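The sequence and structure are shown first.

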Amino acid sequence: MSEADKPAKPVPLTRAGFSVFRDIPTRWMDVDIYGHVNNVQYLSFFDTAVNGWYVDEGLLEPARSEEIFLVVETGCQYFAELVFPERVTAGIGIERIGSSSVVYTIALFKEGQQSAAAQGRFVHVLVDRENRRPTPIREEMRTALSRLLIR
């Protein structure tokens, strides 16, 4: 593979690229034998940040909503270790809102740091709770989601 064919090395996002943030404390159980937060927990932090925002915005009642969001894609790029105890801040942005899907960009920041320790993509599809089939995003939900669009 030539140098021109190699994918560009990812660059950490910065706090300046986000307008919505959620704090997530690390937990003792998040840490693995290597002494840092295990890689799978980063995806859990993404899920916690997005679903917490939905609840705070009144867009989702996890136990009762007729429509729920399901994760259909996720990925993460790692730049720096997170540890316990540490407060992580998740920056939440939206790349695209489709008819039933939402594509998020999420960055996890160490306390006091401007560059992301990790960042990723998180795709949600709105489905009917009972039949699990995609359902269109209602206008009031779309309006709330639009506030997170990355320009």
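**Aromatic pairs and the nonpolar core**

Phe18 is buried, its relative accessible area being 9%. This residue belongs to a predicted model, and its accessibility falls under the 20% limit that defines a buried residue. Phe21, by contrast, has a relative accessible area of 34% and is therefore partly exposed. The two residues, Phe18 and Phe21, form an aromatic pair with a centre-to-centre distance of 6.4 Å and an angle of 65° between the planes, an edge-to-face arrangement.

Another edge-to-face pair involves Tyr54 and Tyr104: the ring centres are 6.3 Å apart and the planes stand at 70°, and the pair is classed as edge-to-face because planes over 60 degrees apart count as such. Tyr54 belongs to helix α1 and Tyr104 to strand β4, so that the pair links distant parts of the chain, 50 residues apart. Both Tyr54 and Tyr104 are buried. In total, 10 aromatic pairs are counted. Ring pairs also connect Trp53, Tyr54, Phe69, Tyr104 and Phe122 into a cluster.

Beyond its neighbours within four places in sequence, Trp53 is in contact with Val20, Arg22, Leu59, Ile92, Tyr104, Ala144, Leu145, Arg147 and Leu148.

The largest pocket has a volume of about 170 Å³. Its lining consists of Val55, Gly58, Leu59, Leu60, Glu61, Arg64, Ser65, Glu66, Glu67, Leu126, Arg138 and Met141. By residue class, this lining of the largest pocket comprises 5 nonpolar, 2 polar and 5 charged residues. Leu59, one of the lining residues, is also among the contacts of Trp53.

Most residues other than glycine have a negative phi, and most peptide bonds are trans. Phe84 and Pro85 are joined by a cis peptide bond, with omega about -5°. Pro85 lies in the loop between β2 and β3. Arg132 is not a glycine, yet has a positive phi of about 60°. Its place is the loop between β5 and α2, and with 44% relative accessibility Arg132 counts as partly exposed.

The loop between β2 and β3 also contains Glu86. What is the burial state of Glu86? With a relative accessibility of 15%, Glu86 counts as buried, because this value is under the 20% limit. Leaving out residues up to four places away in sequence, Glu86 touches Ile24, Pro25, Thr26, Glu81 and Lys110. The C-alpha atom of Glu86 is separated by 38 Å from that of Thr135, and these two residues are 49 residues apart along the chain.

Asp30 is located in the loop between β1 and α1. Its relative accessibility is 1%, so Asp30 counts as buried. With residues up to four places away in sequence not counted, Asp30 touches Pro25, His36, Val37, Asn38, Gln41 and Phe45.

Note on methods. Residues numbered from 1 in each chain as written. Predicted model: local features only at pLDDT ≥ 70, side-chain atom pairs only at ≥ 80, totals over all residues. Heavy atoms only, no water. 1 Å grid on protein atoms, 1.4 Å probe; cavity = no way out; pocket = protein on both sides within 12 Å on 5 of 7 lines; lining within 4 Å. Points joined across faces, edges and corners; volume = space filled by probe spheres on them. Nonpolar A, V, L, I, M, F, W, Y, C, P; charged D, E, K, R; others polar. Contact = heavy atoms within 4.5 Å. Phe/Tyr/Trp six-rings, centres within 6.5 Å; stacked < 30°, edge-to-face > 60°. Buried < 20%, exposed > 50% of the residue type's maximum accessible area, 1.4 Å probe, protein only. Helix = DSSP H or I, 4+ residues; strand = E, 2+ residues; numbered from the N terminus.
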